[in-house]
Amino acid sequence: MSVAETIETASGFVLDAPPGELQDVIADIKALVNDDSAVLEGVAPAVEKYNKEQLITTKLPGASEHVIISEYNCLPDGRFFDVGCQSSFEFDHAKQKASNPQSWVLESGNAELIKALLRDVAPHVKEHYPSSPAFGVYPVQDDAGVAVVVVGNKYSPSNYWNGRWRSTYTYTPSSKDLTGTIRVDVHYYEDGNVRLLTTKPVQVSLNSGTSAEIVKTIAIHEKKYQEELNRAFGALSEGAFKNLRRQLPISRQKIDWEKIGNYRLGQEIGGGRSVVR
């Protein structure tokens, strides 16, 4: 396999990394290629793309709140900005660490709406995303729109699962349209490897386009989608997953394992004619 082919394959591994497991994937790639610098440098663009698409969260030095890495708040020089903390900062994509924060001032014709959204989104996030939440509001589309981004991460590697909820919305003041996408990504890997990937589009025409209406609409759609997922999981548990398990005997009686030798296979357990399985 050529270096180019190796880079392409390794980049695919990076882009498919489950939530909270990018560092593990990078470590595995290093081991597979014997720390080949050409390959590691070659996958750097994929690592950067992954961080932006996955809305990776990080903390600025000395700060307690999480900020988001995304295409919405990336500056031309490669730095990122956060409206809430009024800072720009550098970000090491391989290590997923922020550094060198500097003062940054929002310049936007939608500045008042952005600040109002930051204020109004905060209670929604704190109520519905109790574990390591982050949110941001940014000017987009050459200042013709406003992006609202919400991320909820929950990692439990000791229990062999990690998950991430990502919501991205764009509000266009001129048309009062709110469009967005909700994505859920959960990886469970104890004695197996199961991954849930779901996507839910959102498209709504608003009446007033105020910050309160935007946040209320977001909250309604996110609650509705969470309820849809809960119903789907319940159906799987009672349907497909249940069918994968061995059914109880027709008698619906528990087996006395100490007396198992006295049962006539199929006749007493199954309640019908004897069948050897």
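## Exercises on helices and aromatic pairs

The buried residues of α5 are Ala111, Leu113, Ile114, Ala116, Leu117, Leu118, Val121, Ala122, His124 and Val125, where buried means under 20% relative accessible area, exposed over 50% and partly exposed in between (1.4 Å probe, protein chains only). The model is predicted, so local features need pLDDT of at least 70 and side-chain atom pairs count only at pLDDT 80 or more, while totals for chains, interfaces and linings use all residues. Residues are numbered from 1 along each chain as its sequence is written, and side-chain values use heavy atoms, with hydrogens and water left out.

**Exercise 1.** Find which residues of α1 are buried, and where they lie around the helix.

Solution. The buried residues are Thr6, Ile7, Ala10, Ser11 and Val14. Seen down the axis of α1, they fall within an arc of 135 degrees, and therefore line one face of the helix; the arc is that of the directions from the helix axis to the C-beta atoms. These buried residues pack against α2 (22–32), α3 (37–42) and α4 (44–53), contact meaning heavy atoms within 4.5 Å.

**Exercise 2.** Describe the pair of phenylalanine 80 and phenylalanine 89, then the pair of tyrosine 160 and tyrosine 189.

Solution. Rings of Phe, Tyr and Trp (its six-membered ring) pair if their centres lie within 6.5 Å, and planes under 30 degrees apart count as stacked, over 60 as edge-to-face and the rest as tilted. The structure holds seven aromatic pairs. Among them, phenylalanine 80 and phenylalanine 89 are stacked, at 6.2 Å centre to centre with 25 degrees between the planes. Phenylalanine 80 counts as buried because its relative accessibility is 0%, and phenylalanine 89 counts as buried at 0%.

Tyrosine 160 and tyrosine 189 are edge-to-face, at 5.8 Å centre to centre with 90 degrees between the planes. This pair links distant parts of the chain, 29 residues apart, with tyrosine 160 in the loop between β7 (145–156) and β8 (161–172) and tyrosine 189 in the loop between β9 (177–188) and β10 (194–205).

Technical notes. Helix = DSSP H or I, 4+ residues; strand = E, 2+ residues; numbered from the N terminus.
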